[in-house]
Amino acid sequence: MYPCSNPELVAAVSDAGGLGIVQPVSLTFVHGHDFREGLRLIRRLTPKPIGMNALIEQSSRIYHDRMVKWVEIALEEGIRFFVTSLGNPRWVAERVHAVGGIVYHDVTERKWALKGRDSGVDGLIGVNNRAGGHAGPFSAERLLQEVGDLGLPVVCAGGIGEEHEFAAALRLGYAGAQLGTRFIATTECRASSAYKDAILEADEEDIVLTERITGVPVAVIRTPYIEKMGLRAGAIARWMLRGHRRKHWMRAIYALRSALQLKRASLDETGTRDYWQAGKSVRSISTIEPAGAIVRRFAKAAVEA
Ligand SMILES: Cc1cc2nc3c(=O)[nH]c(=O)nc-3n(C[C@H](O)[C@H](O)[C@H](O)COP(=O)(O)O)c2cc1C
């Protein structure tokens, strides 16, 4: 999760038997680690496997080249599980398969699942309409109907805050779950206590989609700040996003601006710049706990499901 996954959180999830996922921009830009050193720090905290998120949107050449280097470093440091989001995952799949690794691809609709399958990914992560971050249009049930017949395992992302919701996803036919919001409300997450408290206090009606962060809808907690900013992109941004060439510029501008805004908001203890991403799973999150305790509870529920 950008900006919420710090090394201690990733390590705690993996150490308890989950698969903690490193987000490279979060590790370097937000939490201040050199990428390779950050991976080695996690390795010192746990010997268990971790994964890496490769957000592969082609908005800028510089970003793409940096991502290629991050994937190479991750492979050199022994990472063998990758989650790709946005973009075409083919280059990641080819590179990772060459060393025996595995790639799962985030999808919100069948057309992206087909693209992922044709690019050679090993599994899909179905991001549904209850997810934090870039939520999809479909419920968990409907999304599994859309993408469940492609011969790939499908992981459920969105709306899972408690173990009974995880067990229900497994019973539906999902192969596992990808959690974001639940892991922000943990003792290891370095997000501000104002952000964590907002997750504990929010109910699902408090989650709204705003275009103002990245140009496409992102799920955030409705706060006075969000209400003041409005939920739609401005007129100029909308015009830019409509043009075939212009839209890449606009996305690059958004990416830079949102990286700064989200970093500031996640660490700011005053709670005045509260751009807090979260999904509807806030409904069932009521305590700040160690990440390992959550993973162990979920594992127990999976055995019983
Ligand atoms: C604060 C936050 C940041 C996120 N950042 C990313 C990201 O950088 N890359 C990505 O692929 N997904 C990102 N996501 C989406 C999560 O990987 C996951 O799909 C989603 O959180 C699942 O929904 P949940 O929050 O209800 O558990 C983010 C989610 C949150 C809440």
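1. Helix H8 gives four residues to the lining of the second largest pocket, the largest share from any element. The model is predicted, and the points below should be read with that in mind.

2. The second largest pocket holds about 210 Å³ of space. Its lining is made up of 14 residues, and those closest to the centre are Arg130, Ala140, Glu141, Gly158 and Gly159. Two elements give two or more residues to this lining: helix H7, which covers 140-147, and helix H8, which covers 163-172. To find the pocket in the viewer, start from these two helices.

3. What classes of residue line the second largest pocket? Six are nonpolar, four are polar and four are charged.

4. Next, the ligand. Around the ligand there are 23 residues, and Asn53, Ser85, Gln178, Gly180 and Thr181 come nearest. By class, this shell divides into nine nonpolar, 12 polar and two charged residues.

5. In Ser85, an N or O atom of the side chain lies 2.7 Å from an oxygen atom of the ligand. In Gln23, a side-chain N or O atom is 2.9 Å from an oxygen atom of the ligand. With Tyr2 the backbone takes part: one of its N or O atoms is 3.0 Å from a nitrogen atom of the ligand.

6. How much of the ligand's accessible area does the protein cover? On its own the ligand has 600 Å² of accessible area, and the protein covers 92% of this. Strand E2 (51-55) and helix H9 (181-184) are the elements that give two or more residues to the shell around the ligand.

7. The peptide bond that joins Tyr2 and Pro3 is cis, with omega at about 5°. Pro3 sits in the segment before helix H1, which covers 7-15.

8. Leu86 is not a glycine, yet its phi is positive, at about 60°. Where is Leu86 found? It lies in the loop between strand E3 (81-85) and helix H5 (90-97).

9. Last, the chain as a whole. The protein chain contains 14 helices and nine strands. Along its principal axes, the C-alpha trace spans about 45 × 40 × 40 Å. The protein chain has a radius of gyration of 18 Å, which agrees with a compact globule, because a globule of 305 residues would have a radius near 19 Å.

Notes
Residues are numbered from 1 along each chain as its sequence is written. This is a predicted model: local features need pLDDT of at least 70, side-chain atom pairs count only at pLDDT 80 or more; totals for chains, interfaces and linings use all residues. Side-chain values use heavy atoms; hydrogens and water are left out. On a 1 Å grid over the protein atoms alone, a cavity is a set of points where a 1.4 Å probe fits but cannot get out, and a pocket is an open set with protein on both sides within 12 Å along at least five of seven lines; lining residues have an atom within 4 Å of a point. Grid points are joined across faces, edges and corners, and a volume is the space filled by probe spheres set on the points. Ala, Val, Leu, Ile, Met, Phe, Trp, Tyr, Cys and Pro count as nonpolar, Asp, Glu, Lys and Arg as charged, and the others, Gly among them, as polar. A residue is near a molecule or strand if one of its heavy atoms lies within 4 Å of it. A polar contact is a pair of N or O atoms within 3.5 Å; within protein, one must be able to donate a hydrogen and the other to accept it, and residues adjacent in sequence count only if both atoms are side-chain atoms. Accessible areas come from the Shrake-Rupley method with a 1.4 Å probe; for residues, only the protein chains shown count as cover. The radius of gyration is taken over C-alpha atoms; the globule rule is 2.2 Å times the number of residues to the power 0.38.
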